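Have the structure open and follow along.

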Amino acid sequence: MMKGFIFDLDGVLADTAKYHYIAWKQLAAEIDITIDEAFNEQLKGISRQESLERILAYGDKSSEFSASERFEMAERKNQHYVELLEELTPEDALPGVRDFLKAARKHNIPCGIASASKNAPFILDKLAISDYFVGIVDPAALTKGKPDPEIFIKAAQLLAIDPKEAIGFEDAQAGIDGIKACGMYAIGIGEVEQLRGADRSVADLSELSIEELLRL
Ligand code: B16
Ligand code: MG
């Protein structure tokens, strides 16, 4: 029996991946690195600092910046991203999200957040869905990011269930890999052909029936 749902945020509950891309593209342009959407796929689910490292490696500039310069660059990207997030409204929840969360509540199924984003609480508030979640894993407290399963194991702990009793929802390959590494059932969201190893794939949460998932 499935006893809990664990959600990634960017790309699963909110269409914020496009804002990360805009903000990273600008930061990269400032240091003469051009990134495109194909490269951006590699940043999904990856922490802010690690994303910057990947961009610098892609532009062959890994050795050009000190640790404090890198920190400042990641801060600058985040300031731009947070400015873009100011535009978010409850209408920016992805299709099916609100109905799915309401149905989970009706069935007394606890929901948790396993997002690499330090902005997750702010985004959930903007979407007016914070109250549906029993727990949000603090990404600052992780020793390893996705694809390590740590964030999903911690999310299951917050729901007081075993990872094998949870369904994880993810839009990124790193996330699907983390979900599967702790024995959770994985549902891939979005451009599904890119997600290897998902147990099931859908375009968005509107395609799923809670009753059916609870019978898994
Ligand atoms: P922040 P998720 C991830 O969120 C994003 O997919 C990734 O692009 C981003 O770099 C990361 O959060 C950190 O976000 O800069 O806001 O702390 O997909 O794990 O919900
Ligand atoms: Mg995501």
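Before we start, one term: a helix here is a DSSP run of H or I with at least four residues, and helices are numbered from the N terminus. Keep in mind, too, that you're looking at a predicted model.

Start with the largest pocket, which has a volume of about 580 Å³. Its lining is made up of 33 residues, and Ile46, Ser47, Arg48, Ala116 and Ser117 are the ones nearest its centre. Which of them gives the largest share? That's α4, with 6 residues. Domain 1 (4–15 + 89–214) and domain 2 (17–85) each contribute at least three residues to it.

Now move on to the second largest pocket, with a volume of about 390 Å³. Here 17 residues form the lining, and you'll find Asp15, Ala17, Glu41, Lys44 and Glu191 nearest the centre. Both α1 and α2 (37–40) supply at least two lining residues, and α1 gives the most, with 3 residues. Sorted by class, the lining of this second pocket has 6 nonpolar, 4 polar and 7 charged residues.

Where does the second largest pocket sit relative to the domains? Domain 1 and domain 2 both give residues to its lining, so this pocket lies between them.

Conventions: Residues are numbered from 1 along each chain as its sequence is written. Chains are lettered from A and ligands numbered from 1 in the order in which they are written. This is a predicted model: local features need pLDDT of at least 70, side-chain atom pairs count only at pLDDT 80 or more; totals for chains, interfaces and linings use all residues. Side-chain values use heavy atoms; hydrogens and water are left out. On a 1 Å grid over the protein atoms alone, a cavity is a set of points where a 1.4 Å probe fits but cannot get out, and a pocket is an open set with protein on both sides within 12 Å along at least five of seven lines; lining residues have an atom within 4 Å of a point. Grid points are joined across faces, edges and corners, and a volume is the space filled by probe spheres set on the points. Domain bounds come from an automatic or database domain assignment. Ala, Val, Leu, Ile, Met, Phe, Trp, Tyr, Cys and Pro count as nonpolar, Asp, Glu, Lys and Arg as charged, and the others, Gly among them, as polar.
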